[in-house]
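Hi,

Have a look at it first and then read on.

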Amino acid sequence: MKWLESLRNFNKPHLCKIEKIINETPTIRTLIFSDQIMSNSLPGQFAMVWIPGINELPMSVMVSTKQNKAAFTVRKQGFSSTSLYNAKLGQYIGIRGPYGNNFNIKSGKLLLVGGGTGLVPLMRLLKFVNSSHDITLIIGASTKTEVCFEDLANLLLKNNTHHVITTTIDGTYGHKGLVTDVMSDLLHETTFNGVYTCGPELMMLNVVKMALSKHIFVQASIERIMKCGVGICGSCSMNDNLVCKDGTVFNGLYLLENDEFGCTYRNKSGSIENYTSKV
Amino acid sequence: MIKNIRLLIIFINCFIFKMKPDISTHIGPIFIDNPTILASGILGISIQVFDRIYSSGAGAVVTKSISVMPSDGYNGPSLFSVGGDGWLNAIGLSNPGVDNFSKILNQNTKIPIIVSLVGSHSVDFITMVKKLHNSKILAYELNLSCPHVEKVGLDVGDDPELVYDIVKKIKSVTNTPIIAKIGLGSINYLDTIHAACDGGINAITAINTLRAMSIDIDAMRPILGNKIGGLSGRPIKTIAIRCVYEISSRYDIPIIGCGGISDWSDAVEFILAGASAVQIGSIINNKWMKIFSDINLGLINYMTKKNFTNIGEMVGISTKF
């Protein structure tokens with residue numbers, strides 16, 4: 001029924017059944033469902049996910065290794081994300097989208113840097129690389145039990161020259177320290193044709209600065225509070241940009257000129273708050 | 001300075017080269033370079049976004065409705081499409097509150113900003129007007145018509161005595177023009193307009209979204225987090241046209257038309273019904289910020305074809321029929 005899917009009003013929640021749940025870490029789960037439109041979404045795009053009776057959340061679309069399937073990866077944090085995390089097998093969630101732009105994938109040697117659920121758009125990016133790409137992926141986590149997607153990345157990159165490097169802040173797995181420590185070492189040894197990052201904003205700020213200091217093309221997928229997802233409500237305003245409509249992916253050069261990137265974000269009321277006070 | 005340059009260009013076009021009709025417009029005491037205004041509730045909390053919209057061709061922008069205290073709004077879904085360029089929303093009047101917003105407004109140097117205010121009684125409105133006293137503001141728009149938040153919006157608009165009291169008291173503390181945004185509630189909306197006019201209102205914006213609801217038949221529950229919300233976009237245009245026509249026929253009050261305007265021909269229709277300007281909202285999702293310049297260009301072409309030299313000549317022409 002491909003033609004029926006194409007007629008769907010993608011701006012209205014469409015109910016999908018959760019078919020499989022993967023426990024990625026003690027705080028992160030991936031919920032897999034069948035949906036042709038979402039399975040074709042591009043890396044960096046997101047969907048608005050309705051948890052009936054609870055709330056609607058913007059979620060980056062996660063890759064699935066199976067055809068016509070897509071997924072959302074959620075970390076239990078607030079009430080709404082914890083409700084999605086606790087969703088049961090067979091439960092329905094509503095999905096509208098996909099929305100937003102996507103990463104511009106350069107050819108050659110690419111560096112991907114992600115932390116936590118920020119790895120989700122980078123995992124989807126791996127689905128769009130071709131066999132000539134040489135990929136280095138740095139996975140960041142706080143501790144060993146929070147490391148995720150290492151096996152999946154190796155599986156998705158089995159036909160590529162690739163390196164998957166993990167870092168943990170406490171040093172219980174992989175390199176001890178931050179993803180940017182590893183990135184700094186890598187940039188001393190070699191160069192890349194493109195850098196792609198998603199994760200905590202202060203991490204992305206450093207990744208962008210480091211890549212640009214070496215004159216490497218860099219893009220980041222930005223997260224902001226989103227209520228409509230379609231450029232109407234203004235909740236995701238970042239300077240003169242609407243992250244839902246102009247992003248979520250922005251070029252690093254552009255981001256460094258945006259004085260809100262890495263500094264401030266808007267809360268649910270639209271008031272501006274500092275990232276530094278949050279960390 | 002920038003405004004003067006814009007006016008000069010219009011002057012040169014109109015009187016020297018006789019190339020383009022003049023699309024600047026007066027809404028009572030309010031003058032704007034062109035009749036397209038960003039509607040309240042849309043993209044309205046960032047001065048940089050306002051600047052982008054103004055640079056894209058809007059004659060003015062209306063802010064999100066500002067309240068005395070900050071508000072987070074409702075849980076989602078807050079907005080979704082009902083098809084046919086129609087949208088159902090219940091954002092819940094989320095806004096940073098007047099104190100935070102006055103800091104945002106203090107950054108304004110050149111943008112014609114109309115500040116939308118929402119409150120329950122005259123004290124709320126007067127508190128906010130006093131706090132915004134030093135801000136660069138073109139006008140205030142009183143939200144008397146949000147259809148999905150209790151004790152404000154339509155709950156106020158449905159009480160003509162309260163409307164009269166609010167308008168009269170705001171007029172006593174500010175010289176900034178005041179617009180009342182009205183909607184269709186449980187009383188005859190013309191009674192609200194009558195009360196606002198008696199209180200000394202400078203203009204009317206008609207109409208707000210219409211109270212509406214949608215149920216997902218698979219989930220078997222209302223979709224909006226707040227269950228009930230407001231319908232906007234193309235499906236409400238003919239209702240809004242009817243209202244503008246009725247107000248224009250009965251009252252000598254400037255009108256800003258709002259509701260489902262999706263292209264220049266819709267804007268012309270509202271102007272012929274009696275609107276001196278139009279507000280653009282839902283269609284921004286579809287046509288993004290170029291909608292303002294698109295409408296202005298279409299208006300100029302229409303006026304050239306019909307031999308109109310300024311907007312004023314067109315306002316309310318259809319009401320003689």
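**Chain B, overall**

In chain B, 71% of the contacts with a separation of 6 or more are between residues 24 or more positions apart; two residues are in contact if their C-beta atoms, placed from the backbone, lie within 7 Å. Before you go further: this is a predicted model, where local features need pLDDT of at least 70 and side-chain atom pairs count only at pLDDT 80 or more, while totals for chains, interfaces and linings use all residues. Residues are numbered from 1 along each chain as its sequence is written, and chains are lettered from A and ligands numbered from 1 in the order in which they are written.

Chain B has 11 helices and 16 strands, which are DSSP runs numbered from the N terminus (helices: H or I, at least four residues; strands: E, at least two). Its C-alpha trace spans about 60 × 45 × 40 Å along the principal axes. The radius of gyration is 19 Å, which agrees with the value near 20 Å that a compact globule of 321 residues would have (taken over C-alpha atoms; the globule rule is 2.2 Å times the number of residues to the power 0.38).

Helix H2 of chain B (residues 47–55) buries Ile47(B), Val49(B), Phe50(B), Arg52(B), Ile53(B) and Tyr54(B). These pack against E3, E4, H3 and E7 of chain B, and also against strand E14 (237–238) of chain A. After H2(B) comes Gly57(B), with a positive phi near 120°.

The largest nonpolar core has 188 residues; such a core is a set of buried Ala, Val, Leu, Ile, Met, Phe, Trp, Tyr and Cys residues joined through C-beta atoms within 7 Å. Val61(B) is one of the residues with the most contacts inside it, as are Val49(A) and Ile37(B). Leaving out residues up to four places away in sequence, Val61(B) touches, among others, Ile37(B), Phe50(B), Ile53(B) and Tyr54(B).

**A strand and a helix residue**

Strand E11 of chain B (residues 210–213) has Leu210(B) and Ala212(B) on a covered face, with Arg211(B) and Met213(B) on the uncovered one. E11(B) pairs with E14(B) (residues 228–233) in the antiparallel sense over four bridges; pairing needs at least two bridges found by DSSP. Ala212(B) sits opposite Gly229(B).

Leu162(B), in helix H6 of chain B (residues 160–173), is partly exposed because it has 18 other C-beta atoms within 10 Å. Not counting residues up to four places away in sequence, Leu162(B) touches His121(B) and Val156(B).

**Chain A and the interface**

The contact between the chains takes 27 residues from chain A and 37 residues from chain B. On the chain A side, E5 (55–62) and E7 (92–99) each supply at least two residues, and E7(A) gives the most, with three.

Chain A is divided into domain 1 (2–99), domain 2 (103–220) and domain 3 (222–279), with bounds from an automatic or database domain assignment. The C-alpha centres of domains 1 and 2 of chain A lie 24 Å apart, and their contact takes 14 residues from each.

Technical notes:
A residue is buried if 20 or more other C-beta atoms lie within 10 Å of its own, exposed if 12 or fewer, and partly exposed in between; C-beta atoms are placed from the backbone.
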